[in-house]
Amino acid sequence: MELDKMDENDWKYHGEGNKSLVVSHVQVSQLVLRLLKYPAEDSENPPQTAEQAFRQIQNIVDFSSNVMSSLLGEKFIHSGEVVKLPLEFVRQLSIKVQHQRPAWRCDKVMDIYSGCALCLPNLTCPALHQPTHTPPLCIEIKPKCGFLPSSKHVSKDIKTKVCRFCMHQHYKVTTTNHCKVHTKQKYRTTTVQLHLSGLQRMHFAIRHLIEEPQNNFKIFKGGQCIYSSKEGSDDSLDLNSLLHHLRPYFMYGNNRINSHMTGKAVLNDFIQVLVNALLSGGGGDGGLVTDRRGEGRSFCEASLFNKERIRHGSQGLPSDTVLFRILQTQMLDTLDIEGLHPLYRRVEQHLQDFPKERTHHQIDGPYNEAFMEKLQKCPTDDDGSVEYAVAKVHQYRVAMTAKDCSIMVALVPSNEEKEDDEGDFLSSRPPAFSYSVSILDLDPKPFDSIPRQLRLDQRIVSCYLRTGGALP
Ligand code: ATP
Ligand code: MG
Ligand code: MG
């Protein structure tokens with residue numbers, strides 16, 4: 001990529017989240033640019049200088065490569081690099097992508113002032129082993145928080161029984177007029193179940209992610225998003241069109257000859273391949289992964305799967321899997337926001353008295369080895385020190401990032417070259433896939449966001465208690 005010869009026509013809209021907008025290169029399909037977004041009301045007046053924007057993105061790179069990568073496993077992480085783009089290119093790009101952006105995301109605008117962006121490999125177009133004629137399938141899952149808090153600081157019992165995801169969904173439905181969730185008027189817990197392993201449980205979680213993807217599930221084919229929820233719209237998801245895309249990947253044996261395979265069978269095979277990839281150590285050829293027992297964890301009572309679990313008991317995830325690593329990192333939130341907030345206040349008070357200490361405690365970075373050390377060298381018990389409070393706050397922020405990241409699973413059919421081989425053509429085995437698993441969206445969460453987290457938690461929990469978990 002030659003930064004001085006950037007042309008907006010080489011780039012297209014790829015997707016966006018709450019904080020950033022992503023464009024992908026049309027030819028060099030392995031690259032994306034991730035640009036910051038600002039609230040639309042700040043569009044004339046950027047909230048930070050170009051230097052601050054550069055620093056913010058450099059912090060994202062450092063946090064991902066020095067902190068999250070050592071906790072989650074290097075093999076899953078692509079931290080990318082900060083690039084400085086010509087302002088004219090960024091302006092033209094912003095105009096070009098504007099009409100492709102979903103309306104409900106347009107309360108924010110793309111940063112066109114700093115010229116800074118994060119350049120990353122396009123994880124929806126992976127360069128897996130052999131080049132095939134078939135475009136790769138990529139599945140993005142936002143697993144959210146996978147455990148129920150057991151901290152003694154938790155003041156409302158319901159938090160130890162119903163997972164945050166379910167309560168948050170309930171809160172959104174109750175307080176906003178979002179049409180997306182209430183179609184079925186019940187929750188399909190995904191997050192806790194997804195982390196619980198047991199092939200059946202994960203199967204269940206993914207099936208419900210497909211039925212109600214909301215913001216937590218997307219499918220890409222050849223780098224194009226072919227399945228996601230259209231938030232804020234009444235359009236029902238087109239499962240038939242998804243099946244149409246998936247079917248060619250899962251035709252085998254007799255199905256291939258008489259071209260018949262039920263939608264249910266296609267979905268089952270697809271979910272199975274995805275579960276295998278999630279339970280693998282990160283990349284490989286998708287041999288069948290067997291269940292391994294691990295420690296038990298608590299279950300969300302609001303989940304439809306709860307009845308199932310009573311019948312099947314509890315199993316944990318193998319420790320080398322992406323979900324296990326994410327869960328372990330999320331569990332650095334040991335005190336829950338209720339136990340953490342007083343420590344945040346201790347740090348805040350200290351910084352008011354000694355503002356210069358902000359740098360020493362690395363409150364806003366840099367996210368380097370010294371930061372990692374502060375995070376890891378935390379005494380088990382509160383000795384009343386600022387150091388203890390800082391370490392717990394750092395740990396909490398890392399856990400927040402792990403609760404907000406996405407997993408990208410790329411699948412490429414791996415037995416194509418055997419197509420002419422009649423034996424394989426008629427094989428009754430499901431097709432094999434090569435896969436790679438990555439984790440994306442590993443931005444540090446700001447120190448100052450902690451009080452907001454507490455308020456949100458209180459609102460979510462009291463709303464759930466007020467309505468007894470019932471929907472309007
Ligand atoms: P959130 O609201 O979840 O915090 P965000 O604003 O931090 O999101 P990202 O999640 O990093 O932004 O990016 C938005 C979307 O762009 C992702 O959900 C994903 O679909 C896509 N995306 C981001 N990075 C990549 C990448 N490296 N390769 C392919 N697609 C990507
Ligand atoms: Mg995201
Ligand atoms: Mg994010």
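**Exercise 1. Work out how exposed Arg 346 is and what it pairs with.**

Step 1: At 23% relative accessibility, Arg 346 counts as partly exposed, because buried means under 20% relative accessible area, exposed means over 50%, and partly exposed is in between (1.4 Å probe, protein chains only). A quick heads-up: this is a predicted model, where local features need pLDDT of at least 70, side-chain atom pairs count only at pLDDT 80 or more, and totals for chains, interfaces and linings use all residues. Residues are numbered from 1 along each chain as its sequence is written, chains are lettered from A and ligands numbered from 1 in the order in which they are written, and side-chain values use heavy atoms, with hydrogens and water left out.

Step 2: Arg 346 makes a salt bridge with Asp 382, and their closest N and O atoms are 2.7 Å apart. The term means a side-chain nitrogen of Lys or Arg within 4 Å of a carboxyl oxygen of Asp or Glu.

Step 3: This pair ties together distant parts of the chain, 36 residues apart: Arg 346 is in helix α11 (residues 336-353), while Asp 382 is in the loop between α13 (369-376) and α14 (386-404). Helices (H or I, at least four residues) and strands (E, at least two) are DSSP runs, numbered from the N terminus.

Step 4: Asp 382 is partly exposed too, with a relative accessible area of 40%.

**Exercise 2. Find what Asp 441 does at the magnesium ions.**

Step 1: Look in the loop between β12 (433-440) and α16 (450-467); that's where Asp 441 lies.

Step 2: Asp 441 coordinates both the magnesium ion (ligand 3) and the magnesium ion (ligand 2), which are 4.1 Å apart.

Step 3: At ligand 3, the OD contacts from Asp 441 run from 2.2 to 2.4 Å. Donors here are N, O and S atoms within 2.8 Å of the metal (3.2 Å for Na, K and Ca); water is not among the atoms, so sites may look incomplete.
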